[in-house]
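Here's a quick briefing to read with the model open beside you. Have a look at the fold first, then work through the points below.

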Amino acid sequence: MQRIRVVAAAGQEQMAAKGPADGTMGWMAIDISRSKAVYCLRWNGAEQRRLSTPMAIEHVGALVKQYPGCRLHVAYEACGFGYELAWWLKENQVVVSVIAPSRVERAPGPRVKTDRIDVGKLAYKLEKGDLKSIYIPTRTIHEQRQLGRAYAQCLKERKRAQIRIRSLMQEQGRLGPLPARGWTAYATWLTTQALPEPVRMCVDAHLRLRQSADQETKLLRAQLYKLARSQTYKTLVEALTTQSGVGWLSAIRLILELADIERFPTTDSLPHYLGLTPSQYSSGELDHRGHILKCGPAALRAMLLQCAWSAVCQGHDSDLADRFALLAPRLGRKRAIVAVARRLVIKLARHWRNALATAPAQNPPAV
């Protein structure tokens, strides 16, 4: 472990040497980058210490251990390093908040921006209670949800390979079957084409990429199915699939991404998290509703829109089908299906809570 480098303002070294009294509430903010971490510690209503170290959990641990009697609350902005630091702090009984950078209020206009200034502002806001932590999943759920994300990425790569093949053939003046007829029809047509050798080599290269993505998609789908049938998730998956338009794959991906339905206490909180709520500007008698917020996980929102289309086409849920039939002539099919997806999400949350109430031991633990 490298030696911690202290970068302290004038007079702060003597203040830090005294340390907080036992039981004192301390606030520590961390500004994380790839090469270093900058810290700001506050207690007794004032900034007491600033320092920087190389970015590693061991250095954070060494600093936390310098204040064994202080009740530390650590905060840092969410970054590309995941939740490893948050999990380590929780395992060592340290309160931690991971802050979404978009939720940190920043003053408008020209300003000087440095890591030391940013971390000082973050520590001040943390002490004042102006910061709201994002949800921190358990290590197990975070690892398992990667299966669903990798599955979606492989599907995208497979589709990209198909689009590249179609574009390449179109450049050669060969259109083939329309995309609406599916890839199988296009692949059959492709085998009948006599192509020049350079073009054939390019098409074969894209076909190999598509085949590789297709194989990985099947492997990941099998793992997700195994997970959906496991003792941990089986009851919850079965509860969600009772909703028309939702299959086992959509159910397990939704469970792994949301992890804990109880963090959405109100009816509108889950649709708002998924970005399915319309934007709103109201002032006096003016009340303007705009496009949906599109915040939250985009892949999950797209999946739920597909489930909404499936529910409408199947027609087993008369409530969703009637709502689409009522709104589509007035708002258009695209806006109407968003409203259907918003109601579908509310129904899924109700199924989830009912499953928790009847068999709480069967559901995954939440942090």
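Strand S1 (residues 25-32) and strand S4 (residues 71-77) run parallel and are joined by six bridges. Keep in mind that this is a predicted model.

- S1 and S4 belong to an open sheet of five strands, ordered S3-S2-S1-S4-S5, and the pairing is mixed.
- At the edges you'll find strand S3 (46-54) and strand S5 (95-99), each of which pairs on one side only.
- Going from one strand to the next, the twist averages 20 degrees.

**Helix H2 and what covers it**

- Helix H2 (residues 57-64) has His59, Val60, Gly61, Leu63 and Val64 as its buried residues.
- Their cover includes S1, strand S2 (36-43), S3 and S4, along with helix H3 (84-91).

**H5 against H7**

- Helix H5 (residues 139-171) and helix H7 (residues 197-228) have axes that come within 8 Å and cross at roughly 160 degrees.
- Angles over 145 degrees count as roughly antiparallel, so that's the label for H5 and H7.
- The crossing of H5 past H7 is left-handed.
- Sort the residues of this H5–H7 contact by class and you get 17 nonpolar, six polar and seven charged.

**H5 against H6**

- H5 also packs with helix H6 (residues 183-190), this time at an angle of about 45 degrees and with the axes 12 Å apart.
- That angle makes H5 and H6 oblique to each other.
- Here too, H5 passes H6 in a left-handed crossing.
- On the H5 side, the contact is made by Gln162, Ile165, Arg166 and Met169; H6 brings Trp183, Tyr186, Trp189 and Leu190.
- By class, the H5–H6 contact comes out at six nonpolar residues, one polar and one charged.

**A loop aspartate**

- Asp317 sits in the loop between helix H11 (298-314) and helix H12 (318-331).
- Is Asp317 buried or exposed? Its relative accessible area is 11%, so Asp317 counts as buried, the cut-off being under 20%.
- Leaving out residues up to four places away in sequence, Asp317 touches Gln243, Ser244 and Lys347.

Note on methods: Residues numbered from 1 in each chain as written. Predicted model: local features only at pLDDT ≥ 70, side-chain atom pairs only at ≥ 80, totals over all residues. Heavy atoms only, no water. Pairing = 2+ DSSP bridges. Helix = DSSP H or I, 4+ residues; strand = E, 2+ residues; numbered from the N terminus. Axes fitted to C-alpha atoms, helices over the stretch in contact; angles between N-to-C directions. Parallel < 35°, antiparallel > 145°, perpendicular 65-115°, else oblique. Left-handed = near helix turned anticlockwise from the far one by under 90°. Nonpolar A, V, L, I, M, F, W, Y, C, P; charged D, E, K, R; others polar. Buried < 20%, exposed > 50% of the residue type's maximum accessible area, 1.4 Å probe, protein only. Contact = heavy atoms within 4.5 Å.
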